Protein chains: 6
Amino acid sequence: MSVRSVVEYDDASAAVRAVFDDIKRTRQVADVNNFWKYLARDPATLKRTWQSVKEIMAPGALDALTKEMLYLAVSVSNGCAYCIASHGAAARKAGMTDEMLGELMAVVGMANETNRLANGYRVPIDPAFEE
Amino acid sequence: MSVRSVVEYDDASAAVRAVFDDIKRTRQVADVNNFWKYLARDPATLKRTWQSVKEIMAPGALDALTKEMLYLAVSVSNGCAYCIASHGAAARKAGMTDEMLGELMAVVGMANETNRLANGYRVPIDPAFEE
Amino acid sequence: MSVRSVVEYDDASAAVRAVFDDIKRTRQVADVNNFWKYLARDPATLKRTWQSVKEIMAPGALDALTKEMLYLAVSVSNGCAYCIASHGAAARKAGMTDEMLGELMAVVGMANETNRLANGYRVPIDPAFEE
Amino acid sequence: MSVRSVVEYDDASAAVRAVFDDIKRTRQVADVNNFWKYLARDPATLKRTWQSVKEIMAPGALDALTKEMLYLAVSVSNGCAYCIASHGAAARKAGMTDEMLGELMAVVGMANETNRLANGYRVPIDPAFEE
Amino acid sequence: MSVRSVVEYDDASAAVRAVFDDIKRTRQVADVNNFWKYLARDPATLKRTWQSVKEIMAPGALDALTKEMLYLAVSVSNGCAYCIASHGAAARKAGMTDEMLGELMAVVGMANETNRLANGYRVPIDPAFEE
Amino acid sequence: MSVRSVVEYDDASAAVRAVFDDIKRTRQVADVNNFWKYLARDPATLKRTWQSVKEIMAPGALDALTKEMLYLAVSVSNGCAYCIASHGAAARKAGMTDEMLGELMAVVGMANETNRLANGYRVPIDPAFEE
């Protein structure tokens, strides 16, 4: 299989199709994203990853929008272009406005700045934080 | 000045004291955290960092709790122990429960996993994400 | 020299050609990869980097395939697209199958996830690990 | 619950005990590591993480030692002290010698160096790598 | 607003134009870079970021060239392609030669290598460094 | 050998002693740092790493102080506590003042912030940067 080949629904095994079907049903979409088509090269990882994402991203103590924004914040911080695009789209779909995106980006930028200042000065943890 | 020395209020210049006073007033705390005491070694950076943090973390399109959780998520992802402790404490103060922390951590972990899967398979961005 | 210029064999100095020749001979390839052509802008770094890579990647206590997979795993984790492509190709040449790549990617993804969980909960090191 | 509290077997819920028991049985150990005791604060994440780790780390196309070394390489690259200690111990248990560790560390160091050289010179991917 | 839309001067608000004008005046350039045009989607972050960059990058105890090289070194280490291109151009404008770039890249590469060796062997800090 | 064992001069092989002697001579120090004592567990990596560091850190187009500050900036950005301590000490020895350290830290912090803003908005590279 070529390094850049992708698994489309029509060529997929029954196991892969079952995951694709569950993604489409859960998310109410006509087709799965490229991420899942590439992951389908390895059916075990496809299935496990989807099950984990489905469980983790379901609303719980945190609502769906907050979870998508946390996912986006980490992806921006890590510089994963694909994940910024896909979770940016998912967050907007869940209700993130341009103003919310702007504030999210400001927090991510600032956290990355102060993370380095804290590391650089090797600041010891305040005892009060441990209580 | 020793590498590990810290600036306490009583030994601080008027410029540093003004920042410390504003932090204490804004956050309603009796003393500033170690982060600010170490940063006070460089008064210009202390002042600019506090002004930026104050502006960015004020409630806006996102509420204070969401902002603190985004800050914590980035700090966990970057592995900054000090920032995890300080923003973990701030998030709890703003209302984050143990259940919310558990879900935040699960999202951060999963985002770090799928960021690598997307990078590793060099998944091309779906045109639909660009609209 | 333009930022994006590259050094081809025919235009290279004797020092650069000597490195290119050793790479081609060692790897049994007709031409060197873009990485070396860009690095050739700085002959001292070209020479030192090649010598280090040649020494490190030679089979020893670990065989060539394991070393290439470790290199690939780090590159995936760091999100270096060029290195993922080049060391992915090198690993396949050394015998990595699609199944092995799938398992490698799963381990890299999982390690990135649990690295954050361990950092986020600031888990203390078990004394047993230090023995 | 305090930020630094840990869940011991005797105080654990039945759901947590079931996971702890499966870890101890699978790994043939008398007690679980601190990582699992901290993760047990969030039983859903504990269960999902253990199931994923158990599935991913089982020997397949790659043997257990290679998988542990890949895990260790990523943890070293990310600077996760806990994970370096725990997966270092696991890799040694699976057969990693001092010589193998030395070579692993050399590869991780070199990959981190050339990842930056490739990024810094923004080297374009060779067409041959895409085949 | 589309995810990929950019704010050009003619369509900008008075607040955004004021920042763009100050950037052009300070840097003596005819137009601002794409970075500022994208940031202008969020005027508060645009203004704060420019003020911070302007203050931080002004010559002080370190000259402009050294500051640009430090900025470039961090951007190379983080793998931010845009920042490598923009701060690479700024550093060259401030006097960085090809030889200086080559040495900068060598230091960044080496630091990334030894950072991992120090982490991987979990080397304890020498007491002498703390004085 | 225990995971945390270190190689002292008196117990070292002739090959390790030769490297230790060269470090002490080159740096005019009475003993080598912990970094080298841990690295000595793997004599080949010890020798290669020292040769590379010695060559890279020698004054050239960039002076010794600038090189140490670049090394420190990368180490702060990566959060390597050992490297921050050791290269912080080396930079101070080479002439870095408290004011210079303050400005270096401000640049590192800012670069980490704008790296994320550029990634997050996926800003396209200006054609002018490629000339």
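Modeller: Helix 4 of chain D passes helix 6 of chain D in a right-handed crossing; a crossing counts as right-handed if the near helix is turned clockwise from the far one by less than a right angle, and left-handed if anticlockwise. Helices here are DSSP runs (H or I, at least four residues; strands are E, at least two), numbered from the N terminus. Bear in mind that this is a predicted model, where local features need pLDDT of at least 70 and side-chain atom pairs count only at pLDDT 80 or more, while totals for chains, interfaces and linings use all residues. Residues are numbered from 1 along each chain as its sequence is written, and chains are lettered from A and ligands numbered from 1 in the order in which they are written.

Back to that pair. The axes of helix 4 (residues 64-78) and helix 6 (residues 98-120) of chain D come within 10 Å and cross at roughly 45°. Axes are lines fitted to C-alpha atoms, for helices over the stretch in contact, and angles run from 0 to 180 degrees between N-to-C directions. From helix 4 of chain D, Met69(D), Leu72(D), Ala73(D), Val76(D) and Ser77(D) meet Leu104(D), Met105(D), Val108(D) and Asn112(D) in helix 6 of chain D. Contact means that the C-beta atoms of two residues, placed from the backbone, lie within 7 Å. By class, this contact between helix 4 and helix 6 of chain D has seven nonpolar, two polar and no charged residues. Nonpolar covers Ala, Val, Leu, Ile, Met, Phe, Trp, Tyr, Cys and Pro, charged covers Asp, Glu, Lys and Arg, and the others, Gly among them, are polar.

Now for a pair in chain F. Helix 1 (residues 14-27) and helix 3 (residues 43-57) of chain F pack at about 20° with their axes 9 Å apart, so these two helices of chain F are roughly parallel to each other. Their crossing in chain F is left-handed. Ala15(F), Val16(F), Val19(F), Asp22(F), Ile23(F) and Thr26(F) in helix 1 of chain F meet Pro43(F), Leu46(F), Lys47(F), Trp50(F) and Lys54(F) in helix 3 of chain F. That contact in chain F divides into seven nonpolar, one polar and three charged residues.

How do chains F and D sit together? Chain F can be laid on chain D with an RMSD of 0.0 Å by a turn of 120° and a shift of 0.0 Å along the axis, so the two copies are related as by a three-fold rotation axis. The superposition is by least squares on the C-alpha atoms of residues with pLDDT of at least 70 in both copies. Gly79(F) is the residue of chain F that comes closest to the rotation axis, at 4.8 Å (C-alpha). Seven residues of chain F are in contact with six of chain D, and the chain F side of this contact has three nonpolar, two polar and two charged residues. Only 14% of the interface residues of chain F are also interface residues in chain D, so the copies meet through different surfaces.

Over at chains A and B, 51 residues of chain A are in contact with 51 residues of chain B. Helix 6 of chain A gives the most to the chain A side, with 15 residues.

Conventions: Parallel < 35°, antiparallel > 145°, perpendicular 65-115°, else oblique.
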